[in-house]
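Please keep the sequence and the model in view while reading.

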Amino acid sequence: MEFAPLLMFAVICIVLVQGYPVAFSLAGTAMIFAGIGIIAGHFDAGYMNALPDRIFGTIGNYTLIAVPLFVFMGTMLERSKVAEELLSGMAAVMGGVRGGLGVSVILVGMLLAASTGIVGATVVTMGLLSLPTMLKKGYDPALATGTICATGTLGQIIPPSIALVLLGDTLSSAYQEAQLQMAVVSPKTVSVGDLFVAALIPGLILVALYLSYVLVTAALRPERAPPADIAERPQLSTLLLQLVPPVALIITVLGSILMGVATPTEAASVGALGASLLALMRGELSVARLEEVGLSTLKTTSMVFMILIGATVFSLVFRGFGGDEQIHALFNAMPGGTTGAIAVVMVVIFLLGFILDFIEITFVVVPIVGPILLAMGVDPVWLGIMIAVNLQTSFLTPPFGFALFYLRGVAPASVATADIYRGVAPFVGMQLLLLLMLAQWPQLVTWLPALLK
Amino acid sequence: MGAIKNLLGIIDGFTELTGRLLAWLLVLLVINMFLVVLLRYGFDYGSTALQELSTYLHASAFMLGAAYTLRHNGHVRVDIFYQRYTARRRAWVDCIGVIVFLLPFCGYLLFYSVEFFLSSLAMREGSSEPGGLPALYLLKALIPLAAILLALQALAEFARSLRELLATTDKAQ
């Protein structure tokens, strides 16, 4: 039965690409394996008893309440068209400059990072909002689609992102487990807030890289990012009126977390209520709108937590078959020690990113490899940020990157798929550059959290 | 077929109703959580009961909302191939998925969680925190209840996929 864990991974990959919902595929496949194992006498049925307790742990998890609250905030901002106006407002200010439209897409993408934790949704929204405008103003399709794909995945790493909430929570349990194994007397903790703070510098480096790429391209090859004619420049006061409230809201939420004033959960509730007030001020809030946002939030939240439960069943069975000990042995035998183990995990996660979204990888892979890597002495916060940037790169990489599929879905037929691939290539390069920088200088991640503590 | 169609309508309608109810619980969650923050930072007052209410609202939504999410095809799929499948092939995937994965999962969840809930109910288990809510068993009831709602909607989805399969076979003949 030593091959069972490996076989589980192979089978789940085959099952998942058939397209049945991930949450139930994970749980169902694991149960079939457990069933066969129990009949063959190689699996202790007692492992299956642990599920209600595990689910109850998730039910009582206070940190994860931030998930529906952030989703609510993002959905409210989107449905009340705040995002749309933000983009057109910024474009009006900066559109007159070479590359100005591209710059405003990146900046709005960065500010709206909170909106969704799902790559697809962000890329689709950004694609629908900005691609037609960019093409109409004469942008090179490759540059336009590359910018949009990259910006759409930026939401994974720029706080407050749902991806980081989930990753932070999972890493925190993995860290507890690792320290328990090492019999650490006074275990340290890692929180979602730590991850938010740590993500700030890498996120800003990425934004700076994106911005300079667009600006340099516009300067060297003006025909690829032409300035728009400034036919109707809006009044500065109207513009400020549009821009200031949503930007202030996002800065308040983020600032209170970064300064350690509020926990992510608390800040998220302020964000959700604030977004509703913004909608109210714009006359976009009604009973029907509240219900609509509630329903949409319900679907996203339930989807996330069902994957968490499905992944819990999967890892219970995986452990029941001794899978974690096998991975442990494998990592210890790895040439290059800890560095080798990290490199392998990063490659595996990168490849998994071609078929799985952030949520699934966080819930399936991190609980299995996390405790082992952390017990080898890897810094949990650094590991989290490396995983996040790595996944974001995976989502952008042709031909399987998630973001590319989603943008293809909303891009007009006049944009060739090859254009999209050509367009994202430089952004993938920038992502890899960041990954190398973080590997070389971990202080980029660890400096700010240490400073604020 | 008529009876099945009626039953389908009833299940769908019921799930729809739970969804709308749970959506409002989420709106309440936003307000309640903000209240917790306001009381803590504005009035330096921490209410365990209000904090726990947040947990109850949040947990009810994500557990019981699974059925509504299924009804609206909101559970994420790896759709690289699925999105290019014909309607018939999708119906096959969904039919088999319900039988092989979803219903057994619901059964497993129900089987192991009923005892978990009943033992908590028998001793009227409350919060372990002073000033907490007295009905922890309600929170535990969410697990079997979610399994039942999800199974019900799974049957409806199965019937829908089956109808798609039968309808296209008829046309082919």
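## The contact between the chains

The side chains of B:Arg40 and A:Glu266 form a salt bridge, with 2.4 Å from N to O; the term denotes a side-chain nitrogen of Lys or Arg within 4 Å of a carboxyl oxygen of Asp or Glu. Between chain A and chain B the count of salt bridges is two. The model is predicted, so local features need pLDDT of at least 70 and side-chain atom pairs count only at pLDDT 80 or more, whereas totals for chains, interfaces and linings use all residues. Residues are numbered from 1 along each chain as its sequence is written, chains are lettered from A in the order in which they are written, and side-chain values use heavy atoms, with hydrogens and water left out.

Polar contacts (pairs of N or O atoms within 3.5 Å; within protein, one must be able to donate a hydrogen and the other to accept it, and residues adjacent in sequence count only if both atoms are side-chain atoms) link 11 residue pairs between chain A and chain B, both residues being at pLDDT 80 or more. On the side of chain A that touches chain B, the elements giving two or more residues include α1 (4-16), α12 (264-281) and α13 (287-320) of chain A. Helices here are DSSP runs of H or I with at least four residues, numbered from the N terminus. The most residues on this side, 17, come from α13(A). By class, this side of chain A has 44 nonpolar, 14 polar and five charged residues; Ala, Val, Leu, Ile, Met, Phe, Trp, Tyr, Cys and Pro count as nonpolar, Asp, Glu, Lys and Arg as charged, and the others, Gly among them, as polar.

Contact, defined as heavy atoms within 4.5 Å, involves 63 residues from chain A and 60 residues from chain B. The two chains bury about 5500 Å² between them, 76% of it on carbon and sulfur atoms; buried area is the accessible area (1.4 Å probe) that two parts lose on being put together, summed over both.

## Selected residues and a helix

The table gives relative accessible areas; buried means under 20%, exposed over 50%, and partly exposed in between (1.4 Å probe, protein chains only).

| Residue | Relative accessible area | Class |
|---|---|---|
| A:Thr312 | 12% | buried |
| A:Gln431 | 0% | buried |
| B:Asn73 | 47% | partly exposed |
| B:Arg124 | 55% | exposed |

A:Thr312 lies in helix α13 of chain A. Leaving aside residues up to four places away in sequence, A:Thr312 touches A:Leu51 and A:Arg54.

A:Gln431 belongs to helix α20 (residues 417-440) of chain A. The side chain of A:Gln431 makes a polar contact with that of A:Tyr210 at 2.6 Å.

Helix α17 (residues 366-375) of chain A has nine of its 10 residues buried, so it is largely enclosed by the rest of the structure. After α17(A) comes A:Gly377, whose phi is positive, near 100 degrees.

## Loops and cysteines in chain B

B:Asn73, in the loop between α2 (48-71) and α3 (79-82) of chain B, has a positive phi of about 55 degrees although it is not a glycine. B:Arg124 sits in the loop between α4 (87-122) and α5 (136-172) of chain B, and its phi is positive at about 50 degrees, although it is not a glycine.

With disulfides taken as pairs of cysteine sulfur atoms within 2.5 Å, the count over all chains is zero.
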